[in-house]
Amino acid sequence: MTSDTPGGDRSRGLLPRLRRARSRPRGKARRRLGAAVRLLAALILAGGAYTVFAPGISAQDTPQLTSAAQEGKALFDTSCVSCHGRNAQGIEGRGPSLIGVGAASVEFQVGTGRMPMARQEAQAEAKPRVFNEEETQQLAQYVQELGGGPQLPEGENLHRGGDAAEGGRLFRINCSSCHAYGGGGGALSSGKFAPSLRDATDRQIYAAMLTGPQNMPVFGDNQLRPEQKADIIAYLNETVQADNDPGGFNLGRYGPATEALVIFLVGMVALIFAALWIAGKS
C-alpha cells in the first residue's frame, strides 16, 4: 500500500496537470480570437462612420465658389493656368503661387495690364489690359475665395477725407526714394524701375501699397494705417496728378538731377557770360 499510494498520488497529480496544460493554450487562443474579433468590429464601425460623415465634412472644408468666382475660374483656366498652375499653386520658372495674394494683387496686376505677361522680363511693365473691369473683378474674386489675402475698400475715390499735407510728408519718407519727389519714378538695380505715379488711379495706388508688387515693399495696415494711405493718395491727386506746381516750372519732375543740369547749363553759362561782359566793360 505504501508503494501504491505514491504511484496513485503521482497519477492523480499528473492527470490534472496535463488537463491544465491543455486548457491554457486553448484559453489564450480564445482570448486572441476575441481580441481580433473586437478589433475587426471596431474597424468596421469606424469605416462605416467615416463613409457616412466624411462627404459632409469634405463639403464643409471645400466651400462652393460664388457665381463671380466661378466666372473668374473659367477665365483663369484659359488664360492663367499655364503659368500659375491649375489650382493657382504656381509653376517653378513660370509663375508664383497665387494662394494668399488676395484680390488686391490681382486687381493691380491685371488691371494695369502687367498680367498676363508677354514674356519673362526683369519686371512686368504696364500695358493695355487684356481683361475688362468686370473680368478683372471676377478673376480677383476667384483668387480671393481660393486662398484669401488683402482686399481693397469699396469705391473709386479712396482719398476722400485725406490730408494732402500729411500725405506729402509720408510720401517723402516712404516713397520718394524710389518714385522720386515728384512721383515721376526712377531706375532701380538689375533693369528694374519704380514706375511713374502720374496716371495711377486711387485703387491702383492703394493696391500697390497693400501688396508690394515688383520691388516695392508691402505697406500693410501695420505700416501705414488706412487713413494714412488716404493721405498719400490725396497728396498724389492734388500735386502729381493735378499738375500743380506752386514752385514754378517742374522740369519734368525728375528731382534734383534735372535741376542741377539746368543750373549748370543755364545758370553757370549765364554767370560766365556776365563775368566776361563785366570784364570787357572794365
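Among contacts between residues at least 6 apart in sequence, 59% join residues at least 24 apart in the chain. The model is predicted, and its secondary structure comprises 10 helices and 2 strands. In sequence order these elements follow the pattern α-α-α-α-α-α-α-β-β-α-α-α. Of the 282 residues, 29% count as buried. The chain exposes about 18300 Å², of which carbon and sulfur atoms supply 59%.

Helix H8, spanning residues 202-211, is largely enclosed by the rest of the structure, because 9 of its 10 residues are buried. The buried positions are Asp202, Arg203, Ile205, Tyr206, Ala207, Ala208, Met209, Leu210 and Thr211. Their cover includes two other helices, H4 (102-111) and H9 (226-240). Just after H8, the backbone at Gly212 adopts a positive phi of about 65°.

Helix H9, which contributes to the cover of H8, also contains Asp231. This aspartate is buried yet has no salt bridge. The nearest side chain of opposite charge belongs to Arg225, 6.7 Å away, whereas a salt bridge requires a side-chain nitrogen of Lys or Arg within 4 Å of a carboxyl oxygen. With neighbours within four places in sequence left aside, the contacts of Asp231 are with Gly162, Asp163, Ala164, Glu166, Gly167 and Leu170.

When residues up to four places away in sequence are not counted, Gln138 touches Ala68, Ala69, Glu71, Gly72 and Leu75.

At the surface, a nonpolar patch is formed by Leu261, Val262, Phe264, Leu265, Val266, Met268 and Leu271. Together these residues have about 680 Å² of accessible area. One of them, Met268, lies in helix H10 (residues 256-281). Met268 counts as partly exposed because its relative accessibility is 39%, a value to be read against the limits of under 20% for buried and over 50% for exposed residues. In general, residues three or four places apart in an α-helix point the same way, because such a helix has 3.6 residues a turn.

Note on methods:
Residues numbered from 1 in each chain as written. Predicted model: local features only at pLDDT ≥ 70, side-chain atom pairs only at ≥ 80, totals over all residues. Heavy atoms only, no water. Buried < 20%, exposed > 50% of the residue type's maximum accessible area, 1.4 Å probe, protein only. Helix = DSSP H or I, 4+ residues; strand = E, 2+ residues; numbered from the N terminus. Contact = heavy atoms within 4.5 Å. Lys, Arg positive; Asp, Glu negative; His and termini not counted. Areas by Shrake-Rupley, 256 points an atom, 1.4 Å probe, with all protein chains shown as cover. Patch = residues over 30% accessible without salt bridge, like charges linked within 9 Å, V, L, I, M, F, W, Y side chains within 5 Å.
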